[in-house]
Amino acid sequence: YKGVFINAHVESLTGEPWSYNEGCLSIPKIREDVMRPETVRLSFMDENFTPHTKIFTGITARVILHEYDHTEGKLFIDYLSPLKRRLLKGKLEDISKGKMRVDYRMVVVK
């Protein structure tokens, strides 16, 4: 699905949660399994400011929820167990200090 989502709002989450190995450009070179619901009902406006409410499932729902989390100030690592996050602490600190080389432009804000 390709589209524009302006002022998106998650109306409901349904279906069996399922695991998928997620990553993010904001946290380079780290991937972890994240549980997310199978289906999301989303209200939003398109590029013409026409309101819509649609249901998305599977990988499309997962991508929408991952990006929606960014608007809520969340990253996929926020869904990890405290133990998993402790194990990633060194890598996360290196990323926050800009000690990570990536193939795209990355700005570290201090």
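Guide: Tyr20 is partly exposed, with a relative accessible area of 37%. The model is predicted, local features need pLDDT of at least 70, side-chain atom pairs count only at pLDDT 80 or more, and totals for chains, interfaces and linings use all residues. Residues are numbered from 1 along each chain as its sequence is written, and side-chain values use heavy atoms, without hydrogens and water.

Tyr20 belongs to strand β2, which covers residues 18-24. Strands (E, at least two residues) and helices (H or I, at least four) are DSSP runs, numbered from the N terminus.

A contact means heavy atoms within 4.5 Å. Whereas Tyr20 is partly exposed, Arg62 is buried, with a relative accessible area of 2%.

One of these contacts involves opposite charges. Side chains of opposite charge can pair when their charged atoms come close. The side chains of Arg62 and Glu22 meet in a salt bridge, at 2.6 Å from N to O. This pair links distant parts of the chain, with Arg62 in helix α1 and Glu22 in strand β2, 40 residues apart. A salt bridge is a side-chain nitrogen of Lys or Arg within 4 Å of a carboxyl oxygen of Asp or Glu. Glu22 counts as buried too, at 4% relative accessibility.

Glu22 has another such partner. Arg36 forms a salt bridge with Glu22, and the closest N and O atoms are 2.7 Å apart. Arg36 lies in strand β3 and Glu22 in strand β2, so this pair ties together parts that are 14 residues apart in sequence. Arg36 is likewise buried, with a relative accessible area of 3%.

Two strands pair if DSSP finds at least two bridges between them. Strands β2 and β3 form a hairpin with 2 residues between them.

Elsewhere in the chain, 3 strands form an open sheet in the order β1-β4-β5, with antiparallel pairing. Strands β1 (6-14) and β5 stand at the edges, each with a single partner strand, so one side of each is left without a neighbour in the sheet. Strands β1 and β4 pair in the antiparallel sense over 6 bridges, and there Ser12 stands opposite Arg41 in β4. Strand β4 (residues 39-45) is joined to strand β5 (residues 51-57) by 7 bridges, and these two also run antiparallel. Thr39 stands opposite Thr57 in β5. The hairpin of β4 and β5 has 5 residues between the strands, and in this hairpin Phe49 takes a positive phi near 65°.

The whole structure holds 6 salt bridges. One of them joins Asp78 and Arg85, whose closest N and O atoms are 3.3 Å apart. Asp78 is partly exposed, with a relative accessible area of 37%, and Arg85 counts as partly exposed at 33% relative accessibility. Salt bridges that share partners join Glu22, Arg36, Arg62 and Asp69 into one network.

Finally, the chain as a whole has 2 helices and 5 strands, and along the sequence these follow the pattern β-β-β-β-β-α-α. Of its 110 residues, 26% count as buried. Among contacts with a separation of 6 or more, residues 24 or more positions apart account for 58%. The C-alpha trace spans about 45 × 30 × 20 Å along its principal axes.

Terms used. Buried < 20%, exposed > 50% of the residue type's maximum accessible area, 1.4 Å probe, protein only.
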